[in-house]
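The sequence and the structure come first.

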Amino acid sequence: MSQTKCVISVLLLPITTTNLRNAPNRGHVANITDAFWHVNDPEVFFTASQDSTIRIWDINDTKQQRTVIKVKNERGMNKLPITAAVMDPNGKLVFCGTCLL
């Protein structure tokens, strides 16, 4: 019998992350599991994916994401497929959840 381990991560905004504007990857490489608008900025939205990333998009730049957030486990490995994500009502935190079998 396998056990499911669920993890909730909290990301404080503004996020210091890798900005991949010059990288060839312009989107998720696995299923998108969640998407939501920034609560304070109607031109910014977030997508979360099973590729272990949350991507921040600006509707004024449709060619690629603004920022990529790589969600990693405690060992620094980025094999945490995100199953859900949400922003707090003040727009300062992003919560994301993962479930590992």
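The text below covers the fold, the sheet, one hairpin and the residues around it.

**Overall make-up**

The model is a predicted one. The protein has seven strands and zero helices, and its pattern along the sequence reads β-β-β-β-β-β-β. Of its 101 residues, 37% count as buried. The exposed surface comes to about 6,500 Å², with 54% of it supplied by carbon and sulfur atoms. Taking contacts between residues at least 6 apart in sequence, 50% join residues at least 24 apart.

**The four-stranded sheet**

Four strands form an open sheet in the order β2-β3-β4-β5, and their pairing is antiparallel. Strands β2 (32-37) and β5 (67-70) are the edges, each pairing on one side only. From one strand to the next the twist averages 20°.

Within this sheet, β3 (residues 44-49) pairs with β4 (residues 53-58) over five bridges. On its other pairing, β4 joins β5 over four bridges, again in the antiparallel sense.

| Residue | Opposite residue | Strand of the opposite residue |
|---|---|---|
| Phenylalanine 45 | Tryptophan 57 | β4 |
| Arginine 55 | Valine 68 | β5 |

**Strand β4 and its cover**

How many of the six residues of β4 are buried? Six of the six are, and the strand is described as mostly covered. Both of its faces are covered: Thr53, Arg55 and Trp57 are buried on one side, and Ile54, Ile56 and Asp58 on the other.

Threonine 53 belongs to this strand. Threonine 53 counts as buried because its relative accessibility is 5%, under the 20% cut-off. Its side chain makes a polar contact of 3.2 Å with the side chain of histidine 28. Apart from residues up to four places away in sequence, threonine 53 touches His28, Thr47, Ala48, Val68, Ile69, Lys70 and Ile82.

**Alanine 48 in β3**

Alanine 48 lies in strand β3. With a relative accessible area of 0%, alanine 48 is buried. Leaving aside neighbours within four places in sequence, its contacts include His28, Asn31, Ile32, Thr53, Ile54 and Ile82. The C-alpha atoms of alanine 48 and isoleucine 32 are 5.7 Å apart, although 16 residues separate the two along the chain.

**The turn between β3 and β4**

The hairpin of β3 and β4 has three residues between its strands. Serine 52 lies in this loop. Most residues other than glycine have a negative phi. Serine 52 is also buried, since its relative accessibility of 3% falls under 20%.

**The nonpolar core**

The largest nonpolar core contains 14 residues, and those with the most contacts inside it are Phe36, Phe46, Ile54, Ile82, Ala85, Val94 and Cys96. Strands β3, β4, β6 (82-87) and β7 (93-100) each give two or more residues to this core. In soluble globular proteins, nonpolar side chains tend to be buried together. Two of these core residues, Ile54 and Ile82, are also among the contacts of alanine 48.

Definitions and conventions:
Residues numbered from 1 in each chain as written. Predicted model: local features only at pLDDT ≥ 70, side-chain atom pairs only at ≥ 80, totals over all residues. Heavy atoms only, no water. Pairing = 2+ DSSP bridges. Axes fitted to C-alpha atoms, helices over the stretch in contact; angles between N-to-C directions. Buried < 20%, exposed > 50% of the residue type's maximum accessible area, 1.4 Å probe, protein only. Polar contact = N/O pair within 3.5 Å; in protein donor to acceptor, adjacent residues only side chain to side chain. Contact = heavy atoms within 4.5 Å. Areas by Shrake-Rupley, 256 points an atom, 1.4 Å probe, with all protein chains shown as cover. Core = buried A, V, L, I, M, F, W, Y, C linked by side-chain atoms within 4.5 Å.
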